[in-house]
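Please read the following note alongside the sequence and the model.

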Amino acid sequence: MSTLESQSSLSQHLLPSTLTPLFRARHSTRAFLPTPIPTPLLEEVLSLAQRSPSNSNTQPWRLHILTGNALSRLSTALFAKAESGAESTVKALPDEYRHYRSELGRKLYGPEGYNVDRVGSVKKSLRNFTFFEAPVGAVVCMDAKLGTPDVLSVGMYLQSIFLLLEERGVASCVSWECKCLSVP
Ligand SMILES: Cc1cc2nc3c(=O)[nH]c(=O)nc-3n(C[C@H](O)[C@H](O)[C@H](O)COP(=O)(O)O)c2cc1C
C-alpha cells in the first residue's frame with residue numbers, strides 16, 4: 001500500500017463519527033435552564049473524564065460538585081462580594097493580548113465591554129458569580145505545590161468533561177472570574 005493509501009485508510013479508520021460534531025458544537029454557555037442534571041449522568045461523565053491524560057499519571061484534579069442549597073449558598077456569597085465592589089484579582093493580560101479580552105467583553109457586555117474600571121468590570125460580569133444560574137456548579141482544585149504540567153493536566157480533564165457533557169446535551173462554561181474573588 002502506498003503512503004497516501006495507508007494514510008487515507010488510517011484516517012478513515014480513525015475518524016470518529018461523533019467527536020468532530022462535538023468539537024463544533026461545544027461552546028461556552030452563559031444562560032442555563034433550571035433542569036436538574038441526573039446524578040448517574042454526572043457520575044458517568046466524571047468516571048470517563050478520569051481517563052484524561054495527566055503528568056506522571058498524577059490525576060491532580062479535585063472536583064467539588066455543587067447543587068441545590070450548597071450551590072445557592074456559594075453563589076450568594078460570591079455575588080454579594082462581587083456586588084459590594086470587591087476588586088477582582090483577574091490578572092491583567094499583557095498589552096499585546098488585551099484586545100482579545102476587550103473584543104469578548106464587547107460581545108458579552110455591550111460597547112464598553114471590559115474597558116471600564118476594575119470594579120465596574122467585576123459588576124458587569126456579576127452573572128459569573130451565580131454560575132450563570134446553572135443547576136450544577138463545580139469547583140476544580142489542584143494542590144498548590146504542583147506546577148505547570150499539572151495545570152495542563154487539569155485543563156485536559158476539563159475539556160474531557162465539557163465534551164462528554166456536550167455529547168449528553170449538557171452545556172457548560174468555565175469561570176475564572178469566580179476564582180478571582182475569595183470568600184470565607
Ligand atoms: C481558563 C478559562 C477561563 C475562562 N474564564 C471565563 C470567565 O471567567 N467568564 C466567562 O464568561 N468565560 C470564561 N471562559 C470562557 C472563554 O471566554 C471562552 O472559552 C472563549 O471565549 C472561547 O469561546 P467558546 O468557549 O464559546 O468557544 C474561560 C475559559 C477558559 C478556558
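**Notes on the predicted model**

1. Just after helix 4, glycine 85 adopts a positive phi of about 95°. Helices (H or I, at least four residues) and strands (E, at least two) are DSSP runs, numbered from the N terminus. Helix 4 itself covers residues 68-83, 16 residues in total, and spans 22 Å from its first C-alpha to its last. This is close to the 22 Å expected at 1.5 Å a residue, where the expected span is 1.5 Å times one less than the number of residues.

2. This is a predicted model: local features need pLDDT of at least 70, side-chain atom pairs count only at pLDDT 80 or more, and totals for chains, interfaces and linings use all residues. Residues are numbered from 1 along each chain as its sequence is written.

3. The protein chain contains eight helices and two strands. From the N terminus on, their order is α-α-α-β-α-α-α-β-α-α.

4. Of the 184 residues in the protein chain, 15% are buried (20 or more other C-beta atoms within 10 Å of the residue's own, with C-beta atoms placed from the backbone).

5. The largest nonpolar core has eleven residues, among them Val45, Trp61 and Val154. Such a core is a set of buried Ala, Val, Leu, Ile, Met, Phe, Trp, Tyr and Cys residues joined through C-beta atoms within 7 Å. Helix 7 gives the most to this core, with seven residues.

6. Leaving aside neighbours within four places in sequence, valine 154 is in contact (C-beta atoms, placed from the backbone, within 7 Å) with Pro60, Trp61, Val140 and Met142.

Note on methods:
Buried ≥ 20, exposed ≤ 12 C-beta atoms within 10 Å, placed from the backbone. Contact = placed C-beta atoms within 7 Å.
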